[in-house]
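Trainee: I would like to go through this model term by term. Can we start once it is on screen?

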Amino acid sequence: MDYEIIHLPKEKWKGTVIPIKYTTDKYYDVSVNKTYNGFSVEMEKKKFTELLSRDISGKLYEDHWENAYAWGVIANDELIAAMETDQELWSNRIRITELWVSERYQKHGIGHTLIEIAKEQARRERRRAVILETQSCNANAIDFYLHEGFILIGMDTCCYKNNDLERKEVRLEFGWLQEEKKKLNDKDIEIRMETEDDWYDAELMTQRAFWNKHHLGCDEHYLVHKIRHHEDYLPELSRIAVKNGQVVGCIMYTKSRIVDGEDTHGIITFGPLCVEPKWQGYGVGEMLLRETMSLAANKGYKGIVIFGEPDYYPGIGFKTCDNFNITTSDGRNFDAFMAIELAEGSLKGIKGKFHYSEVFDNLPKEEVEEFNKRFPKLQKLKFPGQWD
């Protein structure tokens, strides 16, 4: 079936009723028993003697969800499914606050797709888990969440009424937990120069790494393609990361400059630096960066200036450019504008305005869309924190 997933902005959709209803003939019977050494909790799937119906409809963007963000599924100009998440900042988790698929459109994989979006949000924001609430009498929902990789993480036996255990309607908390990632080393990853045979795989990996990260879709994979053919490209510094014969990361270097009046200082920058989503968090990006920084230092380059993630690069030694009396070309400084010296004091005496290669400015949208036809089609989705 054909449908489109869109962001449901708060200013338009706040207060919209999500009509969640269900009928079930099964439930998970919860029992909590005091034992000599503590407590025992058991859950067993059983059948009701008669059908149970529940209406648990909610509304989008309730005031108590301070960081809510909602998606909707549209088919034939009709809202047929929706999901809302909230960033639980104090515990670094994502909570699914609403999840609904119209009964007519169930069993088409829409619920799975929405759950995958929540998991993707957690990965992007480096949240440690996705959590949600359901009821012990909603057996179909429980079975669905278990199938999606969620586990039981807790319960509240008097959430709705004081006799929830007797009514067989206990609040259950389920969670999908991010796996703990062990850092890879040079025995796991090969860092090497790129060959022409690697070009498509590196571009495809870059597309997956940046897709929907900063805005709808991405253009970084096209940038990789353009850089290779530009006079400012530094292939002697650029590298790819390979695991089991697959390109899982890359870093591309280009010439740039710092201008101070009539004085111009050569400098270098990198970008994109990216890693296949599956292998993000395993230290691949840091391996690429540290090896190429060493290469650049050995070739006599004084420093690197970048626009990058302020939560990541300071851990590798980057500092904001105001520490080096360097500004952007229009005289600004901000957290994402950073530099690093490649030898102690190597940027001392270099000051002025930073200018990156013109290749970064030559990415027309129509060319990007045409370039996208070379790769498997990916869906453009809005996520919290995108630039547009």
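**Terms and values**

Mentor: His225 is buried, at a relative accessible area of 17%. The model is predicted, so local features need pLDDT of at least 70 and side-chain atom pairs count only at pLDDT 80 or more, while totals for chains, interfaces and linings use all residues. Residues are numbered from 1 along each chain as its sequence is written, and side-chain values use heavy atoms, with hydrogens and water left out.

Trainee: Why is His225 called buried?

Mentor: Buried means under 20% relative accessible area, exposed means over 50%, and partly exposed lies in between (1.4 Å probe, protein chains only). His225 has 17%, so it counts as buried.

Trainee: Why does Ile153 count as partly exposed?

Mentor: Its relative accessibility is 38%. That value lies between 20% and 50%, so Ile153 is partly exposed.

Trainee: Where is Ile153, and what is it in contact with?

Mentor: Ile153 sits in strand 10, residues 151-156. Helices (H or I, at least four residues) and strands (E, at least two) are DSSP runs, numbered from the N terminus. Leaving aside neighbours within four places in sequence, Ile153 is in contact (heavy atoms within 4.5 Å) with Arg93, Ile131, Glu173, Phe174 and Gly175. The C-alpha atoms of Ile153 and Gln135 are separated by 13 Å, and the two are 18 residues apart along the chain.

Trainee: Which residues does His225 touch, and which helix holds it?

Mentor: His225 belongs to helix 6. Not counting residues up to four places away in sequence, His225 touches Glu203, Phe371 and Arg374.

Trainee: At what angle do helix 5 and helix 6 pack?

Mentor: Helix 5 (residues 199-210) and helix 6 (residues 220-227) pack at about 145°, with axes 7 Å apart. Axes are lines fitted to C-alpha atoms, for helices over the stretch in contact, and angles run from 0 to 180 degrees between N-to-C directions. Glu203, Thr206, Gln207 and Phe210 of helix 5 meet Glu220, His221, Val224 and His225 of helix 6. By class, this contact has two nonpolar, four polar and two charged residues. Ala, Val, Leu, Ile, Met, Phe, Trp, Tyr, Cys and Pro count as nonpolar, Asp, Glu, Lys and Arg as charged, and the others, Gly among them, as polar.

Trainee: What makes a set of residues a nonpolar core?

Mentor: The residues must be buried Ala, Val, Leu, Ile, Met, Phe, Trp, Tyr or Cys, joined through side-chain atoms within 4.5 Å. The largest such core has 34 residues. Met83, Ile96, Ile110, Leu114, Ile117, Val130 and Phe150 touch the most other members. Helix 2 gives the most to this core, with six residues.

Trainee: What share of the chain is buried?

Mentor: Buried residues make up 47% of the 388 residues.
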